Amino acid sequence: MAEIPGDTRRDRIVDDLRGHLGASLVDSLVKPGDDVWVRVEASAWRRAGEILRHEMGFDYFCFLSAIDWLPSPYGKGEDDPTEPPPERDDTIRQGYAGGQTRLQLLARVVSSTDHIGVNVKCDVADADPSVESWIPVYAGANWHERETHEMFGIGFTGHPDLRNMYLPTEFEGHPLRKDFPLLARMVKPWPGIVDVEPLPGGGDDEEGEGE
Amino acid sequence: MTSTESLLDRRQMAYIAAQASDARVNVELETEGMTLNIGPQHPATHGTLRIIARLDGEQVVWAEPSCGYMHRGYEKLTEVRTYPQVTALINRIDWLGSFANEVPFILAAEKLMGIEAPPRAQWIRTILFELSRIANVSSRRCSWRSAIVSTSSTSSKARPVVASTRTSTASVD
């Protein structure tokens, strides 16, 4: 197996970060030739940003958002609405670099000299989802944190202006959480996958036996 | 006495008059400061964007963009759709670069499913990318022009006296 040249550089990034953060860096994943994934503790969120920016040269802030890993309690789009929903495994799996909580914060920073991206994740507690704001480190995080706050209900301490950005001010709930119902779909159920037409000219214009 | 002298005089007079009129314009521009609400519907914006601008004469001293007037929350809509259905949403994010948004989504979906598109499909994507880039650049050129014209015409509504001479040249352009 030929070693991919970017591999050791990315390993070194994780080692560097672990050297600075110690046990606060909980998990990591290096994808050869691709992004680096690290997971830090929520208490070390701002510290991780500071180190990445000031010590390790990750000067470009790409985005900040969150993930709700809860499987949708409302089924899937391809489900037949006339049938009872199929049995599904509804355990929560947190993807790259693991995790414990349902909600995870996710930010990506890039080094403009090395062209390596680092995805930083952190678990946020369900009861009090709140971390320190990244604005003092990356000023561009301002609007990203506002959006994450209104869409996922994650608080950012030290953020100067956590008003809603897209939603009306009096809106209640956090729409991008999986248990927030999509009202349009609740009012009128999706007819299911009936809008996929057979290819024209195939000869079998009738609904076939599947194959 | 001589014609040259009177010419100089006349020039000087004209200069003084110009200075005086400039001064008058400057005095007119020194306003109390006003708050101007631009949008959400405005011909200069492609889509809807509201900007609350505080003006001091011609200068914008403070502005706050207020967005979300066209926010549909397509992340939420994708939760209940299949991948082929989502492509129809993705290409509406930016109607000038629809294909440029669609392909990254398709690539991500293919990566998740472990699929690699056949070479012919990849070539077709490249061609469509280039065509969409050309369409995007040329339509943006046109829209800049219309945006310039429409902004200048609205500013003349805000300050009819001072700006009328300038906007007339801008809108002829």
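**Entry 1: the sheet of chain A**

I began with E2(A) and E5(A), which pair in the parallel sense over five bridges. I took two strands as paired if DSSP finds at least two bridges between them, and strands (E, at least two residues) and helices (H or I, at least four) as DSSP runs numbered from the N terminus. In this pair, Val38(A) stands opposite Val120(A) in E5(A).

The model is predicted: local features need pLDDT of at least 70, side-chain atom pairs count only at pLDDT 80 or more, and totals for chains, interfaces and linings use all residues. Residues are numbered from 1 along each chain as its sequence is written, and chains are lettered from A and ligands numbered from 1 in the order in which they are written.

I then looked up the whole sheet, which is open, with five strands in the order E1-E2-E5-E4-E3 (chain A) and mixed pairing. Strand E1 (25-30) and E3 of chain A each have a single partner strand, so one side of each lacks a neighbour in the sheet.

**Entry 2: helices on the sheet**

I found H2(A) lying across E2, E4 and E5 of chain A, at about 170° to E5(A). H3(A) packs on the sheet, touching E3 and E4 of chain A, and its direction makes about 5° with that of E3(A). Axes are lines fitted to C-alpha atoms, for helices over the stretch in contact, and angles run from 0 to 180 degrees between N-to-C directions. Contact requires C-beta atoms, placed from the backbone, within 7 Å.

**Entry 3: the core**

I noted 34 residues in the largest nonpolar core; among those with the most contacts inside it are Val38(A), Val120(A) and Cys122(A). Such a core is a set of buried Ala, Val, Leu, Ile, Met, Phe, Trp, Tyr and Cys residues joined through C-beta atoms within 7 Å. A residue is buried if 20 or more other C-beta atoms lie within 10 Å of its own, exposed if 12 or fewer, and partly exposed in between. Contacts of Cys122(A) include Val40(A), Trp45(A) and Leu105(A).

**Entry 4: two loop residues**

I located His159(A) in the loop between strand E7 (155-157) and helix H4 (183-187) of chain A. His159(A) counts as partly exposed because it has 16 C-beta neighbours inside 10 Å. Beyond four places in sequence, His159(A) touches Ser133(A), Ile135(A) and Glu145(A).

I placed Glu32(B) in the loop between helix H1 (3-29) and strand E1 (34-38) of chain B. Glu32(B) is exposed, with 6 other C-beta atoms within 10 Å.

Terms used: Two residues are in contact if their C-beta atoms, placed from the backbone, lie within 7 Å.
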